[in-house]
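Please keep the sequence and the model in view while reading the numbered points.

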Amino acid sequence: MAADAATLDPAPPTRAWQSDPILQADHLSMRFGGLVAVNDVSFVAGRGEVTAVIGPNGAGKTTVFNCITGFYKPTTGRLGLFHGGAAGSDEIDAVTASGLSWGKTRAGALYLLERLPDHKVASWARVARTFQNIRLFSGMTVLENLLVAQHMSLTTSGLLSPAAILNLPSWQRRQKGAVDRALYWLHKIGLMGRADDPAGDLPYGDQRRLEIARAMCTEPVLLCLDEPAAGLNPRESAALNELLLSIRREHQTSILLIEHDMSVVMEISDHVVVLEYGSKIADGTPDEVRNDPRVIASYLGVEEEEAASVEAEVQA
């Protein structure tokens, strides 16, 4: 019996992202008429980790992001975001069956992102996002861009509170907190000396970092970055890597990113999910994904049956 047991394949190791996920996507699909942009994709993003979603152009990466951040409502599937700690499957099913967009769990709270409008994904679930095309307020100063990101924490239902109108001490404390937070991030990204300059006057790499700092001013639990290294030179990419790793290390913020720059992906990611034509083809550590024949075939544009020979040539 012992000999038979020894011949059995060992159980696969439990990944960190599986044991403590912050985001769990279950059977996510998105259709636009007859076009299937995302097809039955499931994955998890680990709490306090950097998770990269990669794939060729048209793989469905941005569509997945748009579903997570509330810009699209997925055709089918569930997107659970866990505050405080992961929930058990029974708790997830109970919140889903309730018809509500969120519910309490033993560890904290569960938000079903597919049921929330985009502004509540940001304010309730605390998911922040940057875009492939920079969306700063170019006519505002660098400091104003960081302050305007915090308007939801300074207003009630979009309107100024009586405390603000009367300039009460409680309002002054909140306002000072917003300014202090903005100044912290200006220092963090090395732009304190340009606080009063128009954001549109910054070099491209500085604008990229400012957009990330603006997102971090909302104190997200999950930071979603859409190609943050796009258009950056090697020096700027290295500075970006350092910033993202410090965000994870110092703020325990979980990061989910789409990226084509493989030097960024392989250097900072804990976990990589690979999409092709809307479907997931690989999911693992950077080393596992780098050596996956299906990923090699996808990126080099060869047929899957040729992948093994391509892999052998690449590793030779």
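**Notes on the model**

1. Strands β1 and β2 run antiparallel and are joined by 8 bridges. Helices (H or I, at least four residues) and strands (E, at least two) are DSSP runs, numbered from the N terminus, and two strands pair if DSSP finds at least two bridges between them. One of the bridges links R31 to V36, its partner in β2. The two strands form a hairpin with 2 residues between them, where G33 takes a positive phi near 65 degrees.

2. The model is a predicted one, in which local features need pLDDT of at least 70 and side-chain atom pairs count only at pLDDT 80 or more, while totals for chains, interfaces and linings use all residues. Residues are numbered from 1 along each chain as its sequence is written, and side-chain values use heavy atoms, with hydrogens and water left out.

3. Strand β1 also pairs with β4, in the antiparallel sense and over 5 bridges. Within this pairing, Q24 stands opposite G80 of β4, and L23 has L81 of β4 as its bridge partner. Of the 12 residues of β1, 9 are buried, so the strand is largely enclosed by the rest of the structure. Here buried means under 20% relative accessible area, exposed means over 50%, and partly exposed lies in between (1.4 Å probe, protein chains only).

4. An open sheet of 5 strands is ordered β2-β1-β4-β6-β5, with antiparallel pairing. Strands β2 (35-46) and β5 stand at its edges with a single partner strand each, so one side of each has no neighbour in the sheet. On average, neighbouring strands of this sheet are turned by 15 degrees against each other, direction ignored. Axes are lines fitted to C-alpha atoms, for helices over the stretch in contact, and angles run from 0 to 180 degrees between N-to-C directions.

5. Which strands does helix α4 lie across? Helix α4 lies across β1, β4, β5 and β6, and runs at about 50 degrees to β6. In this helix (residues 89-98), E91, I92 and V95 are buried. They are on the same side of α4 because they cover an arc of only 100 degrees around the axis; the arc is that of the directions from the helix axis to the C-beta atoms. An α-helix has 3.6 residues a turn, so residues three or four places apart point the same way. The cover over the buried residues of α4 includes β1 (21-32), β4 (76-83), β5 (102-104) and β6 (109-112). The face turned away from the buried side carries the exposed residues S89 and A97. After α4 comes G99, with a positive phi near 80 degrees.

6. The largest nonpolar core has 43 residues, of which L210, L223, L244 and I247 touch the most other members. Such a core is a set of buried Ala, Val, Leu, Ile, Met, Phe, Trp, Tyr and Cys residues joined through side-chain atoms within 4.5 Å. Helix α10 (residues 204-216) gives the most to this core, with 5 residues. Leaving aside neighbours within four places in sequence, L210 is in contact (heavy atoms within 4.5 Å) with L136, V142, L146, I189, L191, A199 and L202. Another core, of 31 residues, lies apart from it and has V38, F65, L116 and A125 among its members.

7. Strands β10 (residues 271-276) and β11 (residues 279-284) pair in the antiparallel sense over 5 bridges, and L275 stands opposite K280 of β11. They form a hairpin with 2 residues between them.

8. D292 is found in the loop between α13 (286-290) and α14 (293-300). It is buried, with a relative accessible area of 12%. Not counting residues up to four places away in sequence, D292 touches I281 and A282.

9. How many disulfides are there? The count is 0, where a disulfide is a pair of cysteine sulfur atoms within 2.5 Å. C217 is buried at 2% relative accessible area, and C224 is buried at 0% relative accessibility.
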